[in-house]
Amino acid sequence: MCQLLGMNCNTPTDIVFSFTGFATRSQEHADGFGIAFFEGRGVRLFVDHQAAVRSPVADLVRRYPIRSTNVIAHIRKATQGPVGLENCHPFVRELWGRYWVFAHNGDLQGFEPRLHAAFRPVGDTDSERAFCWLMQELAKNHARVPSPQELTETLRELAEVPASHGTFNFMLSNGHALWAHCSTRLHYLVRQHPFSTARLQDEDMSVNFAEVTTPNDRVAVIVTEPLTADEPWKPFKPGQLRALPHGAPSPVGRRPAVRQPPTPAAIRHMGEAEIGSLVLGQARGVGTMLTPASGRLEHLRNSPLTPGL
């Protein structure tokens, strides 16, 4: 399968060091590469159907220190869809007047969601279908840009649906934060003061970060497999989603013990038996028992309910 690399920082930073090591791994993952840099409200996107280790586009990225607070990169080992530019990650879509960037590592079998006109795949990958579905469901669940905490909770529930079809390691960013979800393997590292020297595992290259940073800098790097051997990489747990704003992961939220009203994302994927026994006690202060015979089953699945209903 593919491999992922992401970076989230509290100050614009280049990713030359990490990308150099990451690109070396494309000798095995040779079916294309891509990298996206957020700059203000814009995105610089570079993709090539050639392996990053041979691509002149990747060589440009290694030599050109583009500074960004959110970066997502991907090297492809094709499982679904032929080798071609249209199937190279990351993918980009617009939602709520801002760009969203997504890359996926894994293989989703039988994931063929119903997609509306606003979000359609251009290529042939399960990854792009999953991204379009995520964007569609986010738009259904929130009329406007939600808070990072609300967005994290919605993504946590939505991710369970594609993940039930296979491996769904992914990274997603809107330029303000980066979200990373682990099905099987992801690792992260936070570089901050006091900085030290790091050496790549796949290249004879090292950097003394104390010489190129300030004491206030903080950089989080997320990758499928650790890039360096002398730094304290931490593994994600399978099924874990982390939000990374300002160069560090947010605290891991835990679901409350008391049952909460289901989100629209969860309702739309409930079976009849689940909906039949569901009581929504917050609907205008009145508890309403929903049964399949009530005629509201399909309406509930497709309605743009808010979590507080």
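Mentor: Start with one term: buried means under 20% relative accessible area, exposed over 50%, and partly exposed in between, with a 1.4 Å probe and protein chains only. The model is predicted, so local features need pLDDT of at least 70, side-chain atom pairs count only at pLDDT 80 or more, and totals for chains, interfaces and linings use all residues. Residues are numbered from 1 along each chain as its sequence is written, and side-chain values use heavy atoms, with hydrogens and water left out.

Trainee: OK. How many residues of α3 are buried?

Mentor: 14 of the 16, so α3 is largely enclosed by the rest of the structure. Helices here are DSSP runs of H or I with at least four residues, strands are E runs of at least two, and both are numbered from the N terminus.

Trainee: What span should α3 have?

Mentor: Helix α3 covers residues 126-141, and should span 22 Å. The rule is 1.5 Å times one less than the number of residues. Its end C-alpha atoms are 22 Å apart, which agrees.

Trainee: Which strands does α3 lie across?

Mentor: β5, β6 and β7, running at about 15° to β5. Axes are lines fitted to C-alpha atoms, for helices over the stretch in contact, and angles run from 0 to 180 degrees between N-to-C directions. Contact means heavy atoms within 4.5 Å.

Trainee: What's the strand order in the sheet?

Mentor: β5-β6-β7-β8-β14, an open sheet of five strands with antiparallel pairing. Two strands pair if DSSP finds at least two bridges between them. β5 and β14 stand at the edges with a single partner strand each, so one side of each is left without a neighbour in the sheet. The twist averages 20° from one strand to the next.

Trainee: Which residues of β5 are on the covered face?

Mentor: Phe91, Arg93 and Leu95. Val92 and Glu94 make up the uncovered face.

Trainee: And what is the bridge partner of Glu94 in β6?

Mentor: Tyr99. β5 and β6 pair over five bridges. Their hairpin has two residues between the strands, and Trp96 there takes a positive phi near 60°.

Trainee: Switching topic. At what angle do α1 and α2 pack?

Mentor: About 150°, with their axes 8 Å apart. Over 145 degrees counts as roughly antiparallel, under 35 as roughly parallel, 65 to 115 as roughly perpendicular and the rest as oblique. α1 and α2 are therefore roughly antiparallel.

Trainee: Which residues meet there?

Mentor: Val16, Phe19, Thr20 and Ala23 in α1 meet Ala58, Val61 and Arg62 in α2.
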